[in-house]
Amino acid sequence: MIRIVLLGPPGSGKGTQASALEAKHGIPHIASGDLLRANVKENTALGQQAKPYMDRGELVPDELILDMMAARLSEPDAQQGYVLDGFPRTVAQAESLEQRLAKLDQGLDAVIYLAVPEDEILRRLSGRRTCPECHAVYHVDTMPPQKEGICDKCGAKLIQRDDEKPEVIRKRLEVYTEQTRPLLEFYRQRGLLEEVDGTIGVENVVREIEKIVAGSRAAVSE
Ligand code: AMP
């Protein structure tokens with residue numbers, strides 16, 4: 001049983017690392033952005049409400065996110081732990097998660113902050129290409145697919161997300177600094193925050209995170 005939150009600016013590698021944690025520990029990778037995009041694609045009421053905010057690079061209102069996450073975290077697969085990617089993103093969301101966990105007599109094992117400087121974020125996000133079907137992520141320079149524009153895993157045509165166009169990327173970074181960065185202090189005060197340099201390469205970040213996970217497990221069983 002392990003509950004992890006990944007924090008960091010858009011493009012810091014949360015999705016990649018969450019998938020690695022999912023594969024290694026058998027816990028679901030729960031990405032609020034993926035859940036929202038699925039709702040937009042299926043044109044649900046939530047998707048219709050969330051889309052304008054997402055298109056502008058702003059945060060979707062807390063009430064909508066909290067309902068969506070409460071439903072997701074109640075599903076059977078999340079009872080054995082999870083890795084959260086993109087949630088919480090505001091102090092109100094972090095407080096709500098904390099209250100939910102307290103009610104269940106549970107807590108987070110670690111909050112891992114992937115630190116990446118802003119110029120590197122801009123470079124990463126503008127070259128990013130995503131598979132709309134299986135959510136695999138590529139980069140035109142650093143992680144190109146074998147066949148240009150096609151997903152290696154499922155053969156779908158890769159896209160550049162609307163919110164990865166330069167103007168929207170800037171807005172998302174601004175929103176991150178104003179609304180999500182304060183969470184670092186929130187979790188530091190609770191003794192949960194662990195920082196990892198997100199620029200040392202995917203495999204090295206995986207190793208650093210594994211050390212943290214092993215440490216937090218040892219602490220729990222002491
Ligand atoms: P992501 O894929 O995590 O970068 O999320 C894409 C977009 O979905 C964000 O720019 C927000 O508009 C919205 N979003 C995702 N997660 C949240 C959240 N926890 N709170 C508010 N909005 C969110």
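Trainee: Phe 186 and Tyr 187, buried or exposed?
Mentor: Both are buried. Keep in mind that this is a predicted model.

Trainee: How many aromatic pairs does a search of the whole structure find?
Mentor: One aromatic pair turns up in the whole structure. The partners are Phe 186 and Tyr 187, with ring centres 5.0 Å apart. Their planes are at 85°, so the pair counts as edge-to-face.

Trainee: And what lies over the face of Phe 186?
Mentor: Arg 190 does, at 3.7 Å from the ring centre. So Phe 186 has Tyr 187 as its edge-to-face partner and Arg 190 over its face.

Trainee: Which residue lies over the face of Tyr 53?
Mentor: That one is Arg 56, at 5.3 Å from the ring centre.

Trainee: Switching to the ligand. How many residues surround it, and which are the closest?
Mentor: The ligand is surrounded by 16 residues. The closest are Ser 32, Arg 37, Glu 58, Gly 86 and Gln 93.

Trainee: What is the shell like by class?
Mentor: Six residues are nonpolar, four are polar and six are charged.

Trainee: Which helix gives the most to that shell?
Mentor: Helix 2, residues 32-41, gives the most, with four residues.

Trainee: What about Arg 172, how far is a polar side-chain atom from a ligand oxygen?
Mentor: The distance is 2.9 Å. Arg 89 also has a side-chain N or O atom 3.1 Å from an oxygen of the ligand. For Arg 161, a polar side-chain atom is 3.3 Å from a ligand oxygen.

Trainee: How much of the ligand's accessible area does the protein cover?
Mentor: On its own the ligand has 480 Å² of accessible area, and the protein covers 95% of that.

Trainee: Backbone now. Where does Pro 88 sit?
Mentor: Pro 88 is in the loop between strand 3 (81-85) and helix 5 (91-103). The peptide bond joining Phe 87 and Pro 88 is cis, with omega about -5°.

Trainee: What is phi for Asn 43?
Mentor: Phi is near 55°, a positive value in a residue other than glycine. Asn 43 belongs to the loop between helix 2 and helix 3 (45-56).

Trainee: And Asp 105, what's its phi and where is it?
Mentor: Asp 105 is not a glycine either, yet its phi is positive, about 60°. The residue is in the loop between helix 5 and strand 4 (110-115).

Trainee: Why does Asp 105 count as exposed?
Mentor: Because its relative accessibility is 73%, and exposed means over 50%.

Definitions and conventions. Residues numbered from 1 in each chain as written. Predicted model: local features only at pLDDT ≥ 70, side-chain atom pairs only at ≥ 80, totals over all residues. Heavy atoms only, no water. Near = heavy atom within 4 Å. Polar contact = N/O pair within 3.5 Å; in protein donor to acceptor, adjacent residues only side chain to side chain. Areas by Shrake-Rupley, 256 points an atom, 1.4 Å probe, with all protein chains shown as cover. Helix = DSSP H or I, 4+ residues; strand = E, 2+ residues; numbered from the N terminus. Nonpolar A, V, L, I, M, F, W, Y, C, P; charged D, E, K, R; others polar. Phe/Tyr/Trp six-rings, centres within 6.5 Å; stacked < 30°, edge-to-face > 60°. Buried < 20%, exposed > 50% of the residue type's maximum accessible area, 1.4 Å probe, protein only. Lys NZ or Arg CZ within 6 Å of the ring centre and 35° of its normal.
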